[in-house]
Amino acid sequence: MSNGWAKGGGAFDFTTTSGNTCKIREVSLKDLVFDGIIDNIDTLSNIVNSKIVAKKGRTKAAAAQNGLELLRSASEIKDALGIMDKVVVHVVVEPKVHFDPTDGVYDDDLVYLSSIPLEDRTEIFQRAVQEVKSAEPFRQ
């Protein structure tokens, strides 16, 4: 018997542009609200879209300017990455992703956030918040 309550229910394969594949689960607005993520989604989405995701066709000057903007908003970026990482840990079912250990002791059998490239985490996040983005016109 298979239903949405089964382990992995609602999960699907997701391949990033780097070619890495994971299984992520569908999340709803309700999930993100109860996990305390929804209050920061709008700000985080804007940061990810404007400052982290590589822009195609940028000149070297534009890339350098973008780098300066990143440095100026380091605190904002750090907060945004923390929220994004929380979403990644929340939605990736396989392989199970863990926050990096605070004591610095890593288990070779586990996958940690720091082992996932920022670009892949960004793509996973963007896929996870699609439902949130589609609901923006209805939120205050």
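**From one residue to the fold**

Author: Leu118 is partly exposed, at a relative accessible area of 30% (buried is under 20%, exposed over 50%, partly exposed in between; 1.4 Å probe, protein chains only). The model is predicted: local features need pLDDT of at least 70, side-chain atom pairs count only at pLDDT 80 or more, and totals for chains, interfaces and linings use all residues. Residues are numbered from 1 along each chain as its sequence is written, and side-chain values use heavy atoms, leaving out hydrogens and water.

Reader: In which element does Leu118 lie?

Author: Leu118 belongs to helix α5 (helices, H or I with at least four residues, and strands, E with at least two, are DSSP runs numbered from the N terminus). Its C-alpha atom is 9.6 Å from that of Asp85, a residue 33 places away along the chain.

Reader: How many helices and strands does the chain have, and in what order do the elements run?

Author: The chain has six helices and five strands. Read from the N terminus, the order is β-β-α-α-α-α-β-β-β-α-α. Of its 140 residues, 30% are buried. Among the contacts in the chain with a separation of 6 or more, 61% join residues 24 or more positions apart (a contact is heavy atoms within 4.5 Å).

Reader: How should I read two packed helices?

Author: Two packed helices are described by the angle between their axes and the distance between the axes. Here, the axes of α4 (residues 74–91) and α5 (residues 118–128) come within 9 Å and cross at roughly 70° (axes are lines fitted to C-alpha atoms, for helices over the stretch in contact, with angles from 0 to 180 degrees between N-to-C directions). The two helices are therefore roughly perpendicular to each other (65 to 115 degrees; under 35 is roughly parallel, over 145 roughly antiparallel, the rest oblique).

Reader: Which residues of α4 and α5 meet?

Author: From α4 come Leu81, Met84, Asp85, Val87, Val88 and Val91; from α5 come Leu118, Arg121, Thr122, Ile124, Phe125 and Ala128. By class, this contact has nine nonpolar, one polar and two charged residues (Ala, Val, Leu, Ile, Met, Phe, Trp, Tyr, Cys and Pro are nonpolar; Asp, Glu, Lys and Arg charged; the others, Gly among them, polar).

Reader: Is Val87 buried or exposed?

Author: Val87, in helix α4, is buried, with a relative accessible area of 0%.

Reader: What does Arg121 touch?

Author: Arg121, in helix α5, touches Met84, Asp85, Val88, Leu113 and Ile116, leaving out residues up to four places away in sequence. At 13% relative accessibility, Arg121 counts as buried. Glu123 is also found in α5 and counts as buried at 18%. Apart from neighbours within four places in sequence, Glu123 is in contact with Phe14, Thr16 and Thr17.

Reader: How many residues does the largest nonpolar core have?

Author: It has 18 residues (a nonpolar core is a set of buried Ala, Val, Leu, Ile, Met, Phe, Trp, Tyr and Cys residues joined through side-chain atoms within 4.5 Å). Those with the most contacts inside it are Cys22, Ile24, Val91, Val92, Val97 and Ile124. Two or more residues come from each of β2 (21–25), α4 and α5, and the largest share, five residues, from α4.

Reader: Which residues does Cys22 touch?

Author: Beyond four places in sequence, Cys22 touches Phe12, Asp13, Phe14, Val92, Glu94, Pro95 and Ile124. A cis peptide bond joins Glu94 and Pro95, with omega about -5°. Pro95 sits in the loop between β3 (92–94) and β4 (97–98).

Reader: How should I read an aromatic pair?

Author: A pair of aromatic rings is described by the distance of the centres and the angle of the planes. A search of the whole structure finds one aromatic pair. The rings of Tyr106 and Tyr112 have centres 4.8 Å apart and planes at 85°, so the pair is edge-to-face (Phe, Tyr and Trp rings, the six-membered one for Trp, pair if their centres lie within 6.5 Å; planes under 30 degrees apart are stacked, over 60 edge-to-face, the rest tilted). Tyr106 is partly exposed at 42% relative accessible area, whereas Tyr112 is buried at 9%.
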